[in-house]
Amino acid sequence: MPLLEIACFNPESALLAQAHGASRVELCAEQVLGGVTPLLSDFISVKSKLSIPINVMIRPRGGGFVYSAAERERMKREIEMFGREGVDGFVFGVLTAEGKVDGDACRELLGRTAGRKCTFHRAFDEIPEEEMEDALEELIELGFTSVLTSGGRKNAIEGKEVLARLVRRARGRIEIIVGGGVRSGNLDVLIESTRAEAFHSSAVVGEGDVASGEEVERLRGLLR
């Protein structure tokens, strides 16, 4: 069965995600910033109540994905902190000033994860389209197990052709997680056009930042 990952900006959404059929939770904070590292207390509160895996976003701030030495050190500390509390995996990404995967920085962060599965997040969408397939090979070599992407476009529907090429290039060596405006109203098109086996949505419908349980159920139903 294809994977359904729900991006949760608060503990309430994480509980709703599990109750309505999510495969995995990506826990983060600050929807308005596109997601940053959540509070450790929020992770601890949901960890004891969830049986599905929880991946935690490690992102020190909103904005771009070029980080200072101090920010990278903070990210390392956060990885170790969540690791001690039993997180299942991590979601992060670092780019160079030239818009390429920062292999050295990513390698340092991966080295702190104790072998947990790691997703390179939508920093990937900042990479020029013509360089994405080479970047994908670099992520595989580094040891990332998945990459979250909209195909470099504003949303996954606009990037569906690029996503399809990335899925073909990956050939099962790394999981392509389709994200960016994924909702039940467009999931059928994305399944058919990309042939991906993993999809990512906040399942937020309307105002606010709390997932809709009904939307999670609709998404899950389409992926059966």
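Which side chain meets R153 in a salt bridge? I looked this up in the model, which is predicted. The partner is E129, with N and O 2.8 Å apart. R153 sits in the loop between β6 (146-149) and α6 (160-170), and E129 in the loop between β5 (117-120) and α5 (132-142), so the bridge ties together parts that are 24 residues apart in sequence. I then checked accessibility. R153 is partly exposed, at 34% relative accessible area. E129 also counts as partly exposed, at 33%.

Next entry: R61. I find this arginine in a salt bridge with E71, and the closest N and O atoms are 2.6 Å apart. The pair links distant parts of the chain: R61 belongs to the loop between β3 (54-57) and α3 (69-84), while E71 is in helix α3, ten residues apart. R61 is partly exposed, its relative accessible area being 26%.

I looked at E78 and R74, whose side chains form a salt bridge at 3.0 Å, N to O. Both residues lie in helix α3, four residues apart, which is about one turn of the helix. Buried or exposed, what is E78? I note E78 as buried, because its relative accessible area of 10% falls under the 20% cut-off. R74 is partly exposed, at 37% relative accessibility.

Last entry: the total. I count 20 salt bridges, taking a Lys or Arg side-chain nitrogen within 4 Å of an Asp or Glu carboxyl oxygen as the rule.

Note on methods:
Residues numbered from 1 in each chain as written. Predicted model: local features only at pLDDT ≥ 70, side-chain atom pairs only at ≥ 80, totals over all residues. Heavy atoms only, no water. Helix = DSSP H or I, 4+ residues; strand = E, 2+ residues; numbered from the N terminus. Buried < 20%, exposed > 50% of the residue type's maximum accessible area, 1.4 Å probe, protein only.
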